[in-house]
Amino acid sequence: VALAVVVVPEGLPLAVTLTLAYSMKKMMRDKALVRRLSACETMGSATTICSDKTGILTLNQMTVVEAYVWGKKVDPLDNKALVPPKLTSLLMEGIAQNFTGSLFLPEGGGDAEVSGSPTEKAILEWGLNLGMNFDVTRSNSSIIHSFPFNLVKKRVGVAVKLPDSEVHVHWKGAAEIVLASCTSYMDENDGVRPIEEKESDFKKAIEDMAARSLRCVAIAYRPHQTEGLPTSEELCNWQLPERQLILLAIVGIKDPCRPGVRDAVRLCKDAGIKVRMVTGDNLNAARAVALECGILGSDADATEPNMIEGKAFRALSEKQRLKVAEKISVMGRSTPVDKLLLVRALRKKGHVVAVTGDGANDAPALHEADIGLAMGIQGTEVAKESSDIVILDDNFASIVKVVQWGRSVYANIQKFIQFQLTVNFTAVVINIVAAVSAVCTGDVPLSAVQLLWVNLIMDTLGALALATEPPTDNLMNRPPVGQREPLIANVMWRNLLIQALYQVSVLLLLNFRGKSILDFDHDNADDAKKVNSTLVFNASILCQIFNLLNARKPDEINVFKGVTKNHLFMGIVGLTLVLQVIIIFFLGKFTSNVRLSWKLWLVSIAIAFISWPLAAFGKLIPVPDTPFGDLLTQQIRQIEGNIRRNGLGRQNSVHINDEKASRARTGSEALFQN
């Protein structure tokens with residue numbers, strides 16, 4: 001029964017749960033809230049991260065840094081002399097009324113407090129710098145209908161009615177999309193001119209601003225005939241006119257990259273994780289940010305199919321999407337549908353996909369991905385509910401820390417398995433071999449109570465010690481673990497076999513020849529047997545304690561690196577040693593052992609100590625990258641193929657010989673007949 005208890009690895013679920021729970025708690029300090037426990041480990045296997053731009057790679061602190069009116073740049077930005085009166089009035093009206101946030105002006109003076117989306121806040125602050133009185137401008141007209149921001153059309157609109165019953169329809173949105181809807185612009189004399197006169201200048205301004213990673217927003221309007229207005233009952237279904245617009249201004253908004261985001265992207269690349277930017281912004285602006293963040297290495301990478309627009313990707317067939325998806329680094333002017341299609345294509349190609357999202361429309365992509373990452377600050381409740389992990393500070397660097405913790409979870413589970421299998425193998429083999437050899441007497445080196453103590457060290461204390469190992473920088477220098485890769489890697493098999501064979505050999509030698517080797521023959525036979533059994537038990541336990549340190553670093557020679565920083569590990573090792581001393585000296589009757597002299601303690605320590613240099617020597621032995629199981633399968637298939645080819649050759653030889661004999665018989669018969 002004790003052997004059965006030792007063989008069954010009941011500590012494995014405990015180790016998995018402990019390392020997941022421990023990592024989950026520690027990840028909170030790194031600004032990541034884990035909603036689904038298994039997502040910790042899955043994140044460690046991620047091969048690609050599809051990230052939004054605004055607020056994750058950038059600070060989401062937007063400021064208008066350039067503005068163009070009637071084809072000229074407004075420099076400085078608050079230069080009212082460059083903006084004619086009527087254009088100023090219409091611009092202020094469009095900014096104030098086509099705004100979904102709020103403005104608070106302190107009574108004692110000071111800067112205005114603006115709430116709303118970062119883009120709208122930036123434009124409103126520019127309007128205030130031009131001299132706009134927000135409250136007065138809003139009171140001069142009333143909103144009769146509005147068109148909320150649409151991710152497909154990339155614009156927001158509003159229809160306002162002036163005191164003289166005149167109606168203006170104001171639009172604000174992606175510069176190239178709004179510009180395409182404009183047929184005229186307002187010149188420096190407040191006159192309306194055909195857009196063709198300055199269209200090339202406006203397009204060049206948009207391209208120049210986008211190339212410097214500025215978000216380009218165009219503001220336009222058109223008058224509307226009062227007679228054509230729908231009734232109050234029809235207003236809810238009224239589609240605001242969006243053609244034949246008059247361009248008022250184009251502004252460039254700067255959203256600086258987050259500090260440290262370039263280093264975080266580089267870490268991902270070193271770890272074999274491809275970072276893809278999926279943004280609704282202009283492709284040129286996305287390209288500039290991608291180059292700044294390091295997602296694109298150089299201008300040479302900023303070409304198709306590394307860069308693609310959402311509508312172009314959406315128009316591809318499913319087969320074409322699968323072919324293109326892996327090459328995409330930047331997707332501009334994308335919609336949530338495009339993001340979902342990209343995630344599906346990448347998963348079908350075998351990638352483990354992590355996706356960021358903040359809006360309700362991102363919920364399908366978050367749900368479809370292997371790991372959904374919602375934003376804690378700007379994310380909606382719908383996005384958070386559909387996610388596996390919430391990034392509390394909306395920072396891409398925090399996502400990289402989540403990857404590191406995920407890899408640590410997987411590594412800690414592997415460490416525990418290596419340690420547990422070594423203890424399993426040693427304890428079971430020693431007892432079975434000893435029991436078979438002493439079948440007449442029934443004597444075994446480890447009693448039931450001693451085996452249970454070994455099991456306690458192996459399962460509970462070992463799980464606690466190895467499950468709380470913190471992540472190391474080396475984890476981010478490895479490629480992601482494949483979904484079909486075996487849990488027990490070749491390195492683990494090498495370490496496991498070396499330690500297990502050493503322990504089994506030494507302990508069996510002690511069990512059968514210990515009395516003669518250590519000169520117990522002059523003692524009473526029963527006493528010598530008890531001392532020898534106790535020595536085997538003590539050496540076995542110390543071997544496991546020393547091997548616990550080896551398990552910390554399966555592929556590094558220096559197993560002591562950083563051990564003092566893990567206080568729980570040090571405490572468990574110390575507690576195990578103290579309990580072992582207590583068992584040997586004070587609990588002999590209960591555990592069926594006797595006290596050992598200091599010389600035999602030194603022998604036990606020496607036997608255990610040899611496992612350290614042995615482990616260091618073993619780590620110098622190279623192992624193939626291909627799993628041993630796959631190598632064995634390949635060898636079996638090769639042998640089967642050789643057998644088939646040899647068998648087929650023999651069959652062909654027999655068939656040819658039969659044909660020759662048949663021809664010979666036919667020729668003889670013909671000759672006889674003639």
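**Note on the predicted model: cavity, strands and rings**

1. The largest cavity has a lining of Gln418, Asn495, Ile498, Gln499, Asn547, Asn550, Pro554, Ala615 and Lys619. The model is a predicted one. The structure has 1 cavity of 30 Å³ or more.

2. Which helix gives the most to this lining? α18 does, with 3 residues. Both α18 (490-517) and α19 (525-552) supply at least two residues each. By type, the lining residues of the largest cavity split into 5 polar, 3 nonpolar and 1 charged.

3. Next, strand β8. This strand spans residues 155-161 and is mostly covered, with 6 of its 7 residues buried. On one side of the pairing list is β7 (residues 142-150), antiparallel to β8 and joined to it by 6 bridges. Ser142 stands opposite Lys161 of β8. The β7–β8 hairpin has 4 residues between its strands, and Lys154 in the turn has a positive phi of about 55°.

4. β8 also pairs with β9 (residues 167-174), again in the antiparallel sense, over 7 bridges. Gly157 has Trp171 of β9 as its bridge partner. This hairpin has 5 residues between the strands, and Ser165 takes a positive phi near 70°.

5. Trp171 has a second contact to check. Arg155 lies over the face of its ring, 5.4 Å from the ring centre.

6. Aromatic pairs come to 9. Take Phe99 and Phe134. Their ring centres are 6.0 Å apart and their planes stand at 85°; edge-to-face pairs need over 60 degrees, so this pair is edge-to-face. Phe99 sits in the loop between α4 (85-97) and β5 (102-104), while Phe134 belongs to helix α6 (residues 134-139), so the pair ties together parts 35 residues apart in sequence.

7. Phe99 is at 5%, so Phe99 is buried. Phe134 is at 6%, so Phe134 counts as buried too.

8. Phe609 and Trp612 also form an edge-to-face pair, at 5.5 Å centre to centre and 65° between the planes. Phe609 has 44% relative accessibility, so Phe609 counts as partly exposed. One aromatic cluster takes in Phe609 and Trp612 together with Phe546 and Phe560.

Terms used
Residues are numbered from 1 along each chain as its sequence is written. This is a predicted model: local features need pLDDT of at least 70, side-chain atom pairs count only at pLDDT 80 or more; totals for chains, interfaces and linings use all residues. Side-chain values use heavy atoms; hydrogens and water are left out. Buried means under 20% relative accessible area, exposed over 50%, partly exposed in between (1.4 Å probe, protein chains only). Two strands pair if DSSP finds at least two bridges between them. On a 1 Å grid over the protein atoms alone, a cavity is a set of points where a 1.4 Å probe fits but cannot get out, and a pocket is an open set with protein on both sides within 12 Å along at least five of seven lines; lining residues have an atom within 4 Å of a point. Grid points are joined across faces, edges and corners, and a volume is the space filled by probe spheres set on the points. Ala, Val, Leu, Ile, Met, Phe, Trp, Tyr, Cys and Pro count as nonpolar, Asp, Glu, Lys and Arg as charged, and the others, Gly among them, as polar. Rings of Phe, Tyr and Trp (its six-membered ring) pair if their centres lie within 6.5 Å; planes under 30 degrees apart count as stacked, over 60 as edge-to-face and the rest as tilted. A charge sits over a ring if NZ of Lys or CZ of Arg is within 6 Å of the ring centre and within 35 degrees of the ring normal.
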